[in-house]
Amino acid sequence: MGTKNRRGDVVSDPFLDAVHADPWAEDQADLPSLNAKASEAIEERIVRVRNVARLEPRTLRSTSLVVLGPPGAGKTHLFARLRRRLGPRAVFVHVRPLVHAPMTPRFVLGEVVKQLGYATQGLIQLNALAGSLLAHLSGAAASFPHVFLSEYQQLSDADREARLDEAVEQVLGIWQDLEESYLRRLLAAPFAKGATQRAMLGWLSGRDCDVAQLARIGATASLSEDLAIGALRTLCSVASLGAPIVLVLDQLENLIEGTEPGARLLGYANLSAEFMDSLRGLVLVHMALDTEWARGIEPSLNPSQRSRIVMETRALALPTPQQAEELLRLWIDRMPERRASYPWPFTEARLARVVASPGMTPRMLLVECRRAVDGEDDIDDTEEAEEPVVAAGEVADPSRGFIDAWERCLGAARVAMDEAHEQRACIDAGRLADGLLSCGRFLAGVRILPGIAGQAAQLVLEAADGKRLVSILGHGHPKSLGSTLAKLTMLAGRMPVIALRERARDLSPTWKDTIAKRDALLETGHAEWIWVESDDVVRLLSLDALLQSARSGDVTDERGEPVDLARVLEWVRGVLGVPDWPIVRSLLGDGDEKPEALLEREEKAEKEARITAPVVAATPAMDPIPAAGVAVAVLRQLRIASLERVVREAARVEPTSTRNAVVAELEASPQVRFFGRNIVGVRVGS
Amino acid sequence: MAKARKTAPAFDLDRLVAQAREHIESEAFVKVSALGPAPARSHVTETLRSLGFEVTKSTVRRPLREQLLEAVSQGAFVPVKSFASFVRGGTAKEAKGVAMELAQEGRLARVIRGSAEILVPVSAPTYTRDELLVRSRALDTLVKTLTKASKLKGVSVLRSDVVESIEEALPEFTRSARSSSATSEVAHDGKEGTILKVFAALDAMRDESLGLSFIPRVVAHLGRDMGVDAARKSLLDAASRGLVELRPEGGLRRLNGEELELCLPGPQGTRLSWARRIEGGTS
């Protein structure tokens, strides 16, 4: 599918998307000579870790490297390049920091195991890890883990178990301090099927597993927080023998609160130092904007943290004029339809100016290319900088750039939610808390603040009528959920409590004790139960991701130029209508309907029914979709979306609707605004 | 029946040596265990040794001296603590030993930058020991005077005295300032000299851990010598000649008005705030 520009040329979507690197993109143009040294530095560390692990395992340590660059210099691209280049010879994990609370070993463990499920070059990273380890332990070459794993898969269960036992013994013979039960399940996971594998991965990730999952894998309890470091040590150690784990902490500038260091930065520094001291065989890569690192992050590290984190610093290089031209050519060659031969879409003079401009990042080059394709006139950069087109303080009309960014965030959030649901798990409560904190920026008279780390309530809501604790209940096991509910019941005596849980992970009717505890919480009269709908989850995750990207300079305006956080906040405020989101209205007590739990209890009392299926949404009802004007109604729910999505959603509601009818309806409606040809949104105030 | 005598397998020794050389050319070293079948290794290592490569128990490598000299000659300023990362096929201890030998032989110079000790090419402008002592004494006297004055309420020192003391302590500093203040514009025929000044300013203002120089500081430093406008032009000129990389500001409103003023205009409305010398880029 492509997008038509002003001249009618078809610009491929991948081309437009490439302005923002996707760490997990399979097909990405790459110029190997650009930042070859930074790639080699990381690659060398991976090789060194693997060699030391094999030759002198007892002396194995972790290693740390800092990679810096301005926005668009290619930090995330570097991750994608290494992942594609090294593929199964290393396991790559990309983590954005948490905002609401310091990152914990358990959070990192969850991210590592989640991304073990991602594939590189068609091979799941978990299989690469286990296959290369088993191959090495068997004295075979670890270069083709998939082949080795296939051999294991062909063995009978008993034979395979015996071989895995042998492998476990071998590893424990090298490092006695590893967690045996963790290691056994890690090695068994690639051979498990369906629900059992999901349960194993859930347990390995430190997530709160439900009873059925624990029973399925023969575990008595989920991994507790204090075992997370041991689990990570086991993971990193065994991976180092075959495919070392490369943990990339990206967008670290988001840890800076205001312009000063704070608890989050301290938490990150302590965690990184702990990893360096406690884990072996980990390749830790820290990525941040150069100025933010130099002025905000590094000065706040104490000497002990600095010596562990800043083992080596690499500032990414910008393309030389020759590399800039090669990069542009690479992109232009990938465009499906070209009107003329190279240097189209540039003229010779324009191309020469663009590639020779000092300070051009790869992203800026792509923006220049996009402008040229769109037929925008050449602008002399120097003049532009001295006399900006958009005067300071004046806000450019938000358009494709912001919407692209929002759509990307929505897409990623939907994928994350689907993955969590596939694992029968809630979305990480920390990420949802970050999303709610982000919402707080757009609410008048209300503040949402982080709670105390480790407490049952992650957030505190401060409104005109007082403070309320907000607890996001992402537990999978009824006992741990019940335990948190009991704590909340105690807290409710001192301060009103709002408990949030994803509707998709409703309480099972068999969790009688937990349901009783929830009832006890609600009976205090100081508690409210809010079901979080899937759409809300997606919005919260997307908003958090959008604001983090904005802070990292990764959001661009309608002209493709990086914009600062203030402009993104203004756009969000004007277009997304955060205060009207159902979850926000519920939190602020503006919901039109009773909380579902109360309704359920009433029904329970009336019918003496055990449990009934939820029939009424707890969050305020969305706009009803009338038979006529279905497209506008759908759009009012989505607020902003691609035209294709509106067509799709409208067809679900009204199967007879056609694309033409939807387009005609949207074009006729004064409430609807088109951003280009593909994006539509509801006008502010409508 | 008598056992057939085992014949030693024939090896293509020339090919093995050629392969090893090729590997060393690209990677700077090769492991002895990778030199081919065990019986052939001693011959291959001896041949490589005769070709000038260094042979240790486990590796054959390009001589560490050569590697280190090459790294420094390419403009790298090598911190003493990280010698090992600039050479391949040797231990940190070996690298340090070689570096110290080179310094004693006068082929490299050891300098202190901030709190780190660094190796630089002997061609880098440094002071002799006597020059250091003279400057240290002169500045020490000045510091004592300033400290004394600052401790006494209502007492100060004459600005002209301070300037005079600095001129005495650092005559080269004021000499260069005087000689260049006459021409604030970069004259075409003086470009080479200007580029050298830009390099010197970039080196002087370089953040050791980042490896980058903050442009407002570089411009201010150069501006004392040639004026701010000329300093900005000279940086742009060095960038256009591929000698210096100028980088856009990526911070979150970290620059104050004065710093923004000294930064250079960048593409797409950005400001260029960091710079570094491009490796191999010499005037």
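Trainee: Leaving aside neighbours within four places in sequence, with which residues is A:Gln323 in contact?

Mentor: The model is predicted, so local features need pLDDT of at least 70 and side-chain atom pairs count only at pLDDT 80 or more, while totals for chains, interfaces and linings use all residues. Residues are numbered from 1 along each chain as its sequence is written, chains are lettered from A and ligands numbered from 1 in the order in which they are written, and side-chain values use heavy atoms, with hydrogens and water left out. Contact means heavy atoms within 4.5 Å. With neighbours within four places set aside, the partners of A:Gln323 are A:Leu31, A:Ser33, A:Leu34 and A:Leu318.

Trainee: Is A:Gln323 buried or exposed?

Mentor: A:Gln323 is part of helix H15 (residues 321-333) of chain A; helices (H or I, at least four residues) and strands (E, at least two) are DSSP runs, numbered from the N terminus. Buried means under 20% relative accessible area, exposed over 50%, and partly exposed in between (1.4 Å probe, protein chains only). Because its relative accessibility is 14%, A:Gln323 counts as buried.

Trainee: Which backbone oxygen lies 3.2 Å from a polar atom of the side chain of A:Gln323?

Mentor: A polar contact is a pair of N or O atoms within 3.5 Å; within protein, one must be able to donate a hydrogen and the other to accept it, and residues adjacent in sequence count only if both atoms are side-chain atoms. The backbone oxygen at 3.2 Å from the side chain of A:Gln323 belongs to A:Ser33.

Trainee: Which side chains make polar contacts with the side chain of A:Glu312?

Mentor: A:Glu312 sits in the loop between helix H14 (303-309) and E9 of chain A. Its side chain is joined to that of A:Arg45 by a polar contact of 2.6 Å. At 2.8 Å, a further side-chain partner of A:Glu312 is A:Arg314.

Trainee: What area is buried between chain A and chain B?

Mentor: The contact takes 41 residues from chain A and 34 residues from chain B. Buried area is the accessible area (1.4 Å probe) that two parts lose on being put together, summed over both. Carbon and sulfur atoms give 53% of the area buried between chain A and chain B, which is about 2,900 Å².

Trainee: Which three residues supply more than any other three of the area that chain A buries against chain B?

Mentor: These three residues supply 21% of the area that chain A buries against chain B. They are A:Thr291, A:Arg295 and A:Pro358.

Trainee: With which residue of chain B does A:Arg295 meet in a salt bridge?

Mentor: A salt bridge is a side-chain nitrogen of Lys or Arg within 4 Å of a carboxyl oxygen of Asp or Glu. The count between chain A and chain B is two salt bridges. At 2.9 Å, N to O, the side-chain partner of A:Arg295 is B:Glu259.

Trainee: Which element gives the largest share of the side of chain A that touches chain B?

Mentor: Across this interface there are 11 residue pairs in polar contact, both residues at pLDDT 80 or more. The elements of chain A that give two or more residues include helix H2 (36-55), strand E3 (63-69) and helix H13 (290-297). The largest share, seven residues, comes from H13(A).

Trainee: Is B:Glu261 buried or exposed?

Mentor: B:Glu261 lies in helix H11 (residues 257-262) of chain B. Because its relative accessibility is 60%, B:Glu261 counts as exposed.
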